[in-house]
Amino acid sequence: MQKKELTKPMVKCLTMLLGLFVMVNTSNAQQSENSFKIGGAVRFNLMNKSWVENKTQPEMTWDTWRLNVDGSQGGIDFSFEYRFYPTFDTHFIHHGYLGYGLSDDLYMKLGVVQVPFGISKFASHSWWFQGQYYFGLEDDYDMGIKFDYAGIDKLDLNFAYFRQAEPEGPSAGGVTYGNAGAGRYSYDITPGSVMIDGETVQASIRELNQFNLRAAYHLSQALEVGASAQVGGIYNSIHNESEWSTAVAAHLVADWGKGWNFKGSWISHNYKAKADDGRVLDIVPMGAYGSSYGVMAKANTYAAGIAKTVKTDFGPIKSLQFYVDYTYVDKTKADFEDMQHLVPGVLISAGPVYTYVDYAMGKNQPWLNSSFGKGLGAGDPNAEWNKRFNVNIGYYF
């Protein structure tokens with residue numbers, strides 16, 4: 001039995017929360033000094049792809065430039081970031097929210113904010129993220145309201161409601177306002193076509209009404225364990241109904257010795273959705289950076305990364321962080337091929353310049369593929385390990 005859209009109750013709930021935001025006594029709120037700051041970044045990419053054999057390799061691209069605005073006035077904080085990706089012919093909001101301290105222990109963010117799920121802020125060390133980023137479960141941003149609670153000793157609690165994914169920008173230069181298109185920073189469900197039993201079918205679907213709960217317990221200053229849960233609707237505009245998708249996660253973050261760090265996580269997700277013809281989808285369309293591809297509807301994901309930071313004094317270079325990140329995606333459908341993602345590398349920090357030097361390797365990884373976007377759906381049983389040597393140089397101000 002399909003679930004009906006719960007629009008009116010959700011709107012009422014959001015209205016009540018907004019009323020609380022306006023009515024709360026500022027004398028009980030966390031006060032901030034008035035401030036205003038404009039910043040940004042410019043990044044370039046140098047790459048060499050193992051699956052390209054012509055003389056175009058290596059190649060250099062303008063990765064991105066971005067604008068940041070942060071401020072606080074009257075106890076209300078503001079943070080905004082907009083990004084431009086010339087290579088992908090798209091631009092979009094990264095985040096943008098109002099923040100307010102409802103009490104010393106409770107802080108609210110309203111707008112486009114990071115989804116509280118898994119390791120925060122990143123589950124990865126490299127420029128490439130871990131594998132779960134490529135199906136929307138690392139560093140995801142959506143539009144809604146989020147609460148951070150720190151009133152219990154050693155425990156951080158985050159809970160949030162998201163009405164929808166973040167607003168999209170243009171895809172390949174075309175305007176897609178209101179269509180939940182692929183012009184976005186983090187991967188979300190997008191309308192598109194997928195394969196079912198060798199047949200191409202349409203799926204007019206998008207994310208709607210999502211709830212998140214995350215808990216992180218600090219056993220010590222150097223050791224964190226946590227768990228996360230997510231439930232949300234995948235709405236089909238043809239049927240005017242939603243199916244409920246779920247995801248759960250457990251994570252561990254540890255620091256030890258001189259500069260060592262470990263991040264590990266397990267995630268299980270079920271993106272339950274239906275095609276326009278009513279059939280249940282084994283593959284759902286997801287998109288970011290102006291392009292969409294098919295993603296397995298169910299999987300268990302295992303990710304781990306280890307890093308060592310070394311302080312240096314080589315001119316402007318003040319630190320080197322050496323790391324190895326690995327992800328294994330175990331697709332639950334028997335005839336689907338699993339995905340692997342391995343990235344050894346080093347982060348070079350020199351004042352405002354941060355340089356990632358990565359040797360990224362992937363098997364059925366959609367960005368490390370001779371056919372971009374292939375791999376997270378059914379996968380290829382004959383897939384090889386593709387490699388990409390990548391240097392990303394960013395100046396942040």
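Strands are DSSP runs of E with at least two residues, numbered from the N terminus. The model described here is predicted, with local features needing pLDDT of at least 70 and side-chain atom pairs counting only at pLDDT 80 or more, while totals for chains, interfaces and linings use all residues. Residues are numbered from 1 along each chain as its sequence is written, and side-chain values use heavy atoms, leaving out hydrogens and water.

**Largest cavity**
- A cavity is a set of points, on a 1 Å grid over the protein atoms alone, where a 1.4 Å probe fits but cannot get out, and its lining residues have an atom within 4 Å of a point.
- With volume taken as the space filled by probe spheres set on the points, which are joined across faces, edges and corners, the largest cavity holds about 110 Å³.
- Its lining comprises 15 residues, of which Glu 207, Gln 210, Gln 230, Ser 245 and Tyr 271 are the closest to the centre.
- Strand 12 gives the largest share of this lining, 4 residues, and strand 8 (188–189) and strand 11 (205–220) are also among the elements that give two or more.

- Strand 1 (35–49) and strand 2 (59–73) each give two or more residues to the patch.

Key
1 Å grid on protein atoms, 1.4 Å probe; cavity = no way out; pocket = protein on both sides within 12 Å on 5 of 7 lines; lining within 4 Å.
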